[in-house]
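Trainee: Could we go through this structure together, one question at a time? I would like to learn how each answer is reached.

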Amino acid sequence: MYKIPANTLFVGKNLVYVPECHSTNTLAAELSQKTGTLEGTVVITDRQTAGRGQRGSRWETQAGKNLTFSVILKPVFLAVRDQFNLTIAVSLAVHDLVTELLDADIKIKWPNDIMVGHKKICGILIENSLSGDKIQQSIVGIGLNVNQTLFSIDTATSLQLEKKLEFDKNEIAENLLENLEQYYLQLRECKVDELTKYYNRQLYWLGKQHFFKVHDKEMSGTIEGVDRHGRLIVSQESERHSYDLKEISFLK
Ligand code: BTN
């Protein structure tokens, strides 16, 4: 059960809690199709039976231990070509919360994995519905590892593992929704340049040479930031290239 008296204008004011569901992103989409939903509605659960991740992957976490929820936003002010700006706002909201809770240097692995060192603590899945060249609705799904201490992969971590403390999920959800609304409002106020600069400074592997896979070939390069469409800018032998998600992956 959640009681989230977040200090917000609209995010989290309408809260749909279900003990279990397939995926909060899917449930949020179903609810908004069937009955319509207010902007800021949060769909939250303790257990997902078919949690979804990026690029068609599954998101599996231990029931009751973590935050798994989706927020319905209606960024009708965003053109489709600027949709990455929402990724920036959401990533920064989570980034700032985790930084504060852990008092550590938290990074964003492009496009939106939140990293503590080399381990992922939070995944974000944003699904947009479009109307012409505008975004009609975005379902922002967030999976933040809070009190889970055992993972099947060694590249995942949680707040409890990092801090050796149990965290109050309700309190964290409240703070996260507040951050989310603040960044979303900044986006609405067209503060995109500032947000992008701040996002770029938080990028994992920024400014250091690393290996990537580009169009199935291994190469080394240095991340410089993202361009205004959210493509990753990588410099390779003094040339700058920008790539979308399908074109590049991180190696080592
Ligand atoms: C990723 O692959 O990193 C994205 C993971 C996103 C997981 C969250 S949990 C709440 C919401 N519902 C889902 O089915 N997925 C997102």
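Trainee: How many helices and strands does the protein have?
Mentor: The model is a predicted one, in which local features need pLDDT of at least 70 and side-chain atom pairs count only at pLDDT 80 or more, while totals for chains, interfaces and linings use all residues. Residues are numbered from 1 along each chain as its sequence is written, and side-chain values use heavy atoms, with hydrogens and water left out. Helices (H or I, at least four residues) and strands (E, at least two) are DSSP runs numbered from the N terminus, and the protein has five helices and twelve strands.

Trainee: Why does the radius of gyration agree with a compact globule?
Mentor: The radius of gyration is taken over C-alpha atoms, and the globule rule is 2.2 Å times the number of residues to the power 0.38. Because the protein has 252 residues, a compact globule would have a value near 18 Å, and this agrees with the protein's own radius of gyration, 18 Å.

Trainee: Which residues come nearest to the ligand?
Mentor: A residue counts as near if one of its heavy atoms lies within 4 Å of the molecule. There are 21 residues around the ligand, and those that come nearest are Ser-23, Gln-48, Arg-52, Gln-54 and Lys-120.

Trainee: At what distance from an oxygen atom of the ligand does a polar side-chain atom of Lys-120 lie?
Mentor: A polar contact is a pair of N or O atoms within 3.5 Å; within protein, one must be able to donate a hydrogen and the other to accept it, and residues adjacent in sequence count only if both atoms are side-chain atoms. Arg-52 places a backbone N or O atom 2.7 Å from a ligand oxygen. For the polar side-chain atom of Lys-120, the distance to an oxygen atom of the ligand is 2.6 Å.

Trainee: Which element gives the largest share of the shell around the ligand?
Mentor: The elements that give two or more residues to this shell are α1 (24-34), β3 (67-73), β6 (119-131) and β7 (134-144). The largest share, four residues, comes from β6.

Trainee: Which residue has a positive phi although it is not a glycine?
Mentor: The residue is found in the loop between α3 (159-163) and α4 (169-188). With a phi of about 55°, it is Lys-164.
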